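This report describes selected side-chain contacts, backbone angles and surface features of one protein model. The sequence and structure are shown first, and the description follows.

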Amino acid sequence: MGYAMYMDVAFAGQLADINTYLSRTYSASEVIPAGYLVARAEQGEQKAKKATKKEDEILGICLRDVSAGSDGTEGFKPKSAIAVVNFGYVYIEVESDVKSGQPVFIRVVDDGELKVGGFSGKEDATKTNRLKLKNAKFVTSAPAGQIAQVELLGNLELVAV
């Protein structure tokens with residue numbers, strides 16, 4: 001019996017591979033939890049907001065920061081410096097079961113208990129409640145409500161399928 005038997009694989013927003021990734025620092029324009037997909041808040045500014053629509057300029061996924069006063073689990077406060085990864089491997093929480101190799105879809109419309117920002121491996125029946133995150137795929141499988149690893153290949157954007 002060891003510590004690893006009781007520890008989760010990771011936390012949302014945690015890097016999966018520290019050897020190959022690109023991240024940039026932005027200022028949060030609203031409360032942003034670690035592991036959330038973010039977009040540019042204002043054209044030409046280094047401010048980030050939660051990604052919510054196809055037209056958003058996607059910056060990447062907000063990283064968890066264990067060295068800061070807040071690790072981002074409850075959300076980084078507005079005007080906080082946040083690190084955002086757009087190339088590399090990062091862990092996120094999924095709203096539905098996902099399988100390795102599936103594309104990444106982001107919820108852009110609330111649906112009951114499923115809130116904007118949720119990650120999934122499939123489009124929804126309406127093809128409007130979830131948008132595909134271009135240049136991203138799931139690396140690991142996970143059941144709903146658990147942590148999965150995604151690969152981000154840069155030039156991220158939300159697209160309707």
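Glu157 and Lys134 form a salt bridge in which the closest N and O atoms are 3.5 Å apart; a salt bridge is a side-chain nitrogen of Lys or Arg within 4 Å of a carboxyl oxygen of Asp or Glu. Because Glu157 lies in strand 9 and Lys134 in strand 8, the pair ties together parts that are 23 residues apart in sequence. Strands are DSSP runs (E, at least two residues), numbered from the N terminus. Glu157 is partly exposed, with a relative accessible area of 34%, and Lys134 is also partly exposed, at 37%. Buried means under 20% relative accessible area, exposed over 50%, and partly exposed in between (1.4 Å probe, protein chains only).

The model is predicted: local features need pLDDT of at least 70, side-chain atom pairs count only at pLDDT 80 or more, and totals for chains, interfaces and linings use all residues. Residues are numbered from 1 along each chain as its sequence is written, and side-chain values use heavy atoms, with hydrogens and water left out.

**Salt bridges**

By the rule stated above, the count comes to seven salt bridges. Three of them, including the pair already described, are listed here.

| Glu157 | Lys134 | 3.5 Å |

Glu151 is buried, with a relative accessible area of 14%, whereas Lys137 is partly exposed at 39%.

Glu95 counts as buried, with a relative accessible area of 17%, and Arg107 is buried at 1%. Together with Arg130, Glu95 and Arg107 are linked in a network of salt bridges.

**Charges over rings and aromatic pairs**

Lys50 lies over the face of Tyr36, at 5.3 Å from the ring centre. A charge sits over a ring if NZ of Lys or CZ of Arg is within 6 Å of the ring centre and within 35 degrees of the ring normal.

The count of aromatic pairs comes to zero. Rings of Phe, Tyr and Trp (its six-membered ring) pair if their centres lie within 6.5 Å; planes under 30 degrees apart count as stacked, over 60 as edge-to-face and the rest as tilted.

**Backbone angles**

Most residues other than glycine have a negative phi. Asn135, which is not a glycine, has a positive phi of about 70°. Asn135 lies in strand 8 (residues 130-138) and is partly exposed, with a relative accessible area of 31%. Asn155 has a positive phi near 50°. Asn155 is found in strand 9 (residues 147-159) and counts as exposed at 66% relative accessibility.

**Strand 5 and the surface**

Phe87 is located in strand 5 (residues 81-93) and is partly exposed, with a relative accessible area of 30%. With Leu22 and Leu153, Phe87 forms a nonpolar patch on the surface, with about 250 Å² of accessible area together. Such patches are made of residues with over 30% relative accessible area and no salt bridge; like charges are joined within 9 Å and nonpolar side chains (Val, Leu, Ile, Met, Phe, Trp, Tyr) within 5 Å. Accessible areas come from the Shrake-Rupley method with a 1.4 Å probe; for residues, only the protein chains shown count as cover.

Val90 is also placed in strand 5, and is buried with a relative accessible area of 0%. Val90 and Cys62 are 28 residues apart in sequence and 9.5 Å apart in space, C-alpha to C-alpha.

**A buried serine**

Ser120 lies in strand 7 (residues 119-120) and counts as buried at 0% relative accessibility. A polar atom of the Ser120 side chain lies 3.3 Å from the backbone nitrogen of Lys122.

How values were computed: Helix = DSSP H or I, 4+ residues; strand = E, 2+ residues; numbered from the N terminus. Polar contact = N/O pair within 3.5 Å; in protein donor to acceptor, adjacent residues only side chain to side chain.
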